[in-house]
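Please walk me through this structure. I would like the sheet, the helix across it and the charged pairs.

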Amino acid sequence: MLTLPQFRVAAAATNVALADLVGHTPLIRLRQITAHLPESVEVYAKAEWYNPSGSVKDRPALNIIRTAAAEGRLTPDKTLLDSTSGNMGIAYATLARSLGYRVKLVIPANASPERLAILSALGVDFVKSSPLEGSDGALHAARELAAAHPDAYFYANQYDNPANWLAHYYSTGPEIIEQTDGRVTHFVAGLGTSGTLMGTGRALKAYNPLIQLAAVQPDAPFHGLEGLKHMATAVRPGIYDRRLADEQVTVATEAAHAMARRLAREEGLFTGVSAAAAAVAALRVAERLEAGVVVALFPDAGHKYASERFWNDVC
Amino acid sequence: MTTIRIPTPLRAYTNSQAEVPVAGATVGAALADLTGRHPALKPHLYNDSGELRAFVNVFLNDEDVRHLQGAATPVKDSDRLMIVPSIAGGRR
């Protein structure tokens, strides 16, 4: 335990820029929900809510901003524009603002009230797109806005921007290799823009081609898995390569909800719904193994979903 | 007739119709008429116990019917219902 003078020294040493705090998130072993598995099967959560704005999206947001600034496409007189279901917008608002850039977002009107409240608190300019059209509707609206005002905006376009997946190639992948001492055998991540799986997956495959990649998708076009896409029916992101994953795992919204309750009540992890979906998929993968090190990426914590009614369901 | 607005991902089950006119004096009856006309919608909207799935929100003229009288909420011909996935909470 730190004594007070030591704590002051430690606090002084962390006086760093916000952008320096992106990444290097903890890897947490899941022990309760895996109690039925042999000790030789290890399941870990990559806890991305430890990023400064509270989600995995800090990684692509920071790399998109830095890359565009370095290439001269994002300048202080332009406004960064993108569509988002919430987390990417919060990441842009947090990081772009701290680096001196303006931000404009298009977000579906049915994004959670928590997300909209956070964006308002951050003072971001956002427009709401049709709740009937989800994230694809927001994407189309952002494209139209960018095309109508090419001089005003830098259109970040997280779905097609290679800086998205490259962020994970250079950070998330190497971190997982290091944190597992190179023992990782399986990586499990949900598909939204697909940046997490494309970047982390390519880094892991480059390290060891035997590492297996499982992509998590909703089981149907109409679902409640925030941030995830049903690729067969949604607008397909330009950065997505279907051939990269070794396996596609589909998860029902209700299964993710039940897992979110278990993670909270058994593991003490208050996670978001997409994290719970990744945990469902990771358990399915782990249950087939005699030995292995399974890493599932947990995009965010549960705070932004606290108003959802599923937390109070019985089972 | 009351009109129900259909979200994009469910239009695959309504012959691509974005709006479906339905009969019924309550929200429950209107939804039952909708799933009667388009039975493939039913498993997407209801769970095995016949309740609306937890992430499915139905709005009557922009008001969440769970905050009104739920399925028993009366509807008029001029009303518009909207089905929206509560991608994280929905509108309150």
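The report below takes these topics in turn.

## Basis

This is a predicted model, in which local features need pLDDT of at least 70, side-chain atom pairs count only at pLDDT 80 or more, and totals for chains, interfaces and linings use all residues. Residues are numbered from 1 along each chain as its sequence is written, chains are lettered from A and ligands numbered from 1 in the order in which they are written, and side-chain values use heavy atoms, with hydrogens and water left out.

## The sheet in chain A

Six strands of chain A form an open sheet with mixed pairing, in the order β1-β2-β10-β7-β8-β9. Its edge strands are β1 (27-29) and β9 (247-251), each pairing on one side only. The twist averages 25° from one strand to the next. Helices (H or I, at least four residues) and strands (E, at least two) are DSSP runs, numbered from the N terminus. Two strands pair if DSSP finds at least two bridges between them.

β2(A) and β10(A) run parallel over seven bridges. There A:Glu42 stands opposite A:Val293. β7(A) and β10(A) are also paired in the parallel sense, over three bridges. A:Phe187 has A:Val295 as its bridge partner in β10(A). On to β8: five bridges join β7 (186-190) to β8 (212-218) of chain A in parallel. A:His186 partners A:Gln212.

β10(A) has both faces covered. Seven of its seven residues are buried (under 20% relative accessible area; exposed is over 50%, partly exposed in between; 1.4 Å probe, protein chains only). One side holds A:Gly292, A:Val294, A:Ala296 and A:Phe298; the other holds A:Val293, A:Val295 and A:Leu297.

## Helix α7 of chain A

α7 (172-179) of chain A lies across β1, β2, β7 and β10, at about 140° to β2(A). Axes are lines fitted to C-alpha atoms, for helices over the stretch in contact, and angles run from 0 to 180 degrees between N-to-C directions. Its buried residues are A:Thr172, A:Gly173, A:Glu175, A:Ile176 and A:Ile177. Among the elements covering them are α2 (58-70), α6 (162-170) and α8 (195-207) of chain A; contact means heavy atoms within 4.5 Å. Just after the helix, A:Asp181 takes a positive phi of about 50°.

## Salt bridges

The whole structure holds 23 salt bridges over all chains. Each is a side-chain nitrogen of Lys or Arg within 4 Å of a carboxyl oxygen of Asp or Glu. A:Glu175 pairs with A:Lys46, the closest N and O atoms being 2.7 Å apart. A:Glu175 lies in helix α7 and A:Lys46 in strand β2 of chain A, so the pair ties together parts 129 residues apart in sequence. A:Glu175 is buried at 8% relative accessible area. A:Lys46 is buried at 0%. A network of salt bridges links A:Lys46, A:Glu48, A:Arg59 and A:Glu175.

Which side chain of chain B meets A:Glu254 in a salt bridge? B:Arg53 does, at 2.7 Å, N to O. This pair crosses between chains, from helix α9 (253-267) of chain A to the loop between α2 (42-45) and β3 (56-60) of chain B. A:Glu254 is partly exposed at 29%, whereas B:Arg53 is buried at 8%.

## Strands in chain B

β1 (2-5) and β2 of chain B run antiparallel, joined by four bridges. B:Arg5 has B:Glu19 as its bridge partner. β2 (19-22) of chain B has a covered face, B:Val20 and B:Val22, and an uncovered one, B:Glu19 and B:Pro21.
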